[in-house]
Amino acid sequence: MNRRALVISGTVAAAAFVVLYWHVLLKLVGDWSRDENYSHGFLIVPLAMYFAWERRKTLASAAPAPSLAGLFVLAGSLALLVAGTLGAELFVSRISMLGTVAGIVLFAFGKEHLRILGFPIAFLFLMIPLPAIVFNQIAFPLQLLASRFGEMALQVLRIPVLREGNVIIMANTRLEVAEACSGIRSLISLLTLGITLGYFTDSRWLMRTMIAMATIPVAIFANGLRVAGTGIAAHYVGAAAATGFLHTFSGWLMFVLASLLLFAIQRGGAWVFPPTSETLG
């Protein structure tokens with residue numbers, strides 16, 4: 001396929017994709033704008049496009065081998081789009097976008113091109129909000145962990161405290177570790193940061209996976225500190241310290257701390273397990 005034909009076919013495929021998924025894309029961007037848990041979604045597509053562009057030489061050297069299997073993947077993805085649209089299930093409709101992209105690549109260029117573009121396509125999953133049933137299954141345990149961490153920290157400081165589930169009862173106020181304070185917001189954003197950090201700083205998949213997995217304990221630890229700090233401030237300053245600007249600022253401060261911890265873990269991992277000349281090449 002010559003360059004002109006490739007550009008024309010790519011443009012047609014992109015236009016068809018936008019027309020087909022226009023309503024899905026509009027709602028997705030709207031969710032990024034309204035839901036702070038997924039405001040990082042605006043960064044995902046540019047990053048995925050960069051990851052794909054970075055593979056341009058490898059793609060150019062791979063011989064195209066169009067596969068009819070791509071049509072089956074494409075058909076299955078479009079079936080998911082129809083099912084998601086009829087059933088008003090946004091997650092299914094959005095997931096079908098990734099399948100459609102993978103199906104187009106497989107049908108037009110073959111398995112090798114799909115393998116090369118596998119990471120950029122999979123990375124797009126981070127832009128899709130989780131369904132409520134999954135989100136709640138993750139958020140509630142995080143709420144309990146954060147409240148338990150806060151209770152233990154307050155007890156160590158000999159501050160009178162009683163915990164009932166995700167509610168911390170103090171002498172002068174009650175602190176409820178709500179869903180927004182569960183840490184899932186920072187966990188999702190940190191996971192995106194961890195994957196991106198690992199990609200740019202280390203070529204070894206084991207190290208990249210380690211950095212990405214480290215985001216889970218880091219997010220839990222940072223959010224636990226936030227809850228504990230809120231309790232300490234409420235005890236010594238007053239109940240107003242647990243709301244308003246101070247509460248919002250503490251969230252940003254803990255995210256910065258979590259990011260620094262993640263960078264420290266990456267540097268520590270590189271120091272303990274330095275890359276060899278083979279991995280650098």
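Analyst: A charge is said to sit over a ring if NZ of Lys or CZ of Arg is within 6 Å of the ring centre and within 35 degrees of the ring normal. In this predicted model, the charged end of Arg56 sits over the ring of Trp53, 3.7 Å from its centre. Arg208 likewise places its charged end over the ring of Trp205, at 4.9 Å from the centre.

User: On what basis are such values given?

Analyst: Residues are numbered from 1 along each chain as its sequence is written, and side-chain values use heavy atoms, with hydrogens and water left out. The model is predicted, and local features need pLDDT of at least 70, side-chain atom pairs count only at pLDDT 80 or more, and totals for chains, interfaces and linings use all residues.

User: How many helices and strands does the chain have?

Analyst: Helices (H or I, at least four residues) and strands (E, at least two) are DSSP runs, numbered from the N terminus. The chain has 12 helices and three strands.

User: In what order do the strands lie in the sheet?

Analyst: Two strands pair if DSSP finds at least two bridges between them. Here the three strands form an open, antiparallel sheet in the order β1-β2-β3. Since β1 (161–164) and β3 (174–176) stand at the edges with a single partner strand each, one side of each is left without a neighbour in the sheet. Strand β2 (residues 167–170) is joined to the antiparallel β3 by three bridges, and Ile169 stands opposite Arg174 in β3.

User: Which helix packs on the sheet, and which strands are touched?

Analyst: Contact means heavy atoms within 4.5 Å. For directions, axes are lines fitted to C-alpha atoms, for helices over the stretch in contact, and angles run from 0 to 180 degrees between N-to-C directions. Helix α8 (residues 132–156) packs on the sheet and touches β1 and β2, its direction making about 165° with that of β1.

User: How should I read a pair of aromatic rings?

Analyst: A pair of aromatic rings is described by the distance of the centres and the angle of the planes. Rings of Phe, Tyr and Trp (its six-membered ring) pair if their centres lie within 6.5 Å; planes under 30 degrees apart count as stacked, over 60 as edge-to-face and the rest as tilted. The whole structure contains 15 aromatic pairs. In one of them, the ring centres of Phe51 and Phe119 are 5.3 Å apart and the planes stand at 50°, so the pair is tilted.

User: Which parts of the chain does this pair tie together?

Analyst: Phe51 lies in helix α2 (residues 41–54) and Phe119 in helix α7 (residues 118–123), so the pair ties together parts that are 68 residues apart in sequence. Phe119 also forms an edge-to-face pair with Trp205, with 5.8 Å centre to centre and 70° between the planes. That pair links helix α7 to helix α10 (residues 205–236), where Trp205 lies, 86 residues apart. Ring pairs join Phe51, Phe119 and Trp205 into a cluster that also includes Tyr50, Trp53, Phe123, Tyr199 and Phe200.

User: Are Phe51 and Phe119 buried or exposed?

Analyst: Buried means under 20% relative accessible area, exposed over 50%, and partly exposed in between (1.4 Å probe, protein chains only). Phe51 is buried at 0%, and Phe119 is buried at 17%. Of the 281 residues in the chain, 40% are buried.

User: What does the side chain of His40 contact?

Analyst: A polar contact is a pair of N or O atoms within 3.5 Å; within protein, one must be able to donate a hydrogen and the other to accept it, and residues adjacent in sequence count only if both atoms are side-chain atoms. His40 lies in the loop between α1 (3–34) and α2 and is buried at 9% relative accessibility. Its side chain makes a polar contact with that of Thr192 (3.5 Å). Not counting residues up to four places away in sequence, His40 touches Leu126, Ile188, Ser189 and Thr192.

User: Where is Leu20 found, and which residues is Leu20 in contact with?

Analyst: Leu20 lies in helix α1 and is partly exposed, with a relative accessible area of 38%. Leaving aside neighbours within four places in sequence, Leu20 is in contact with Leu78 and Leu81.
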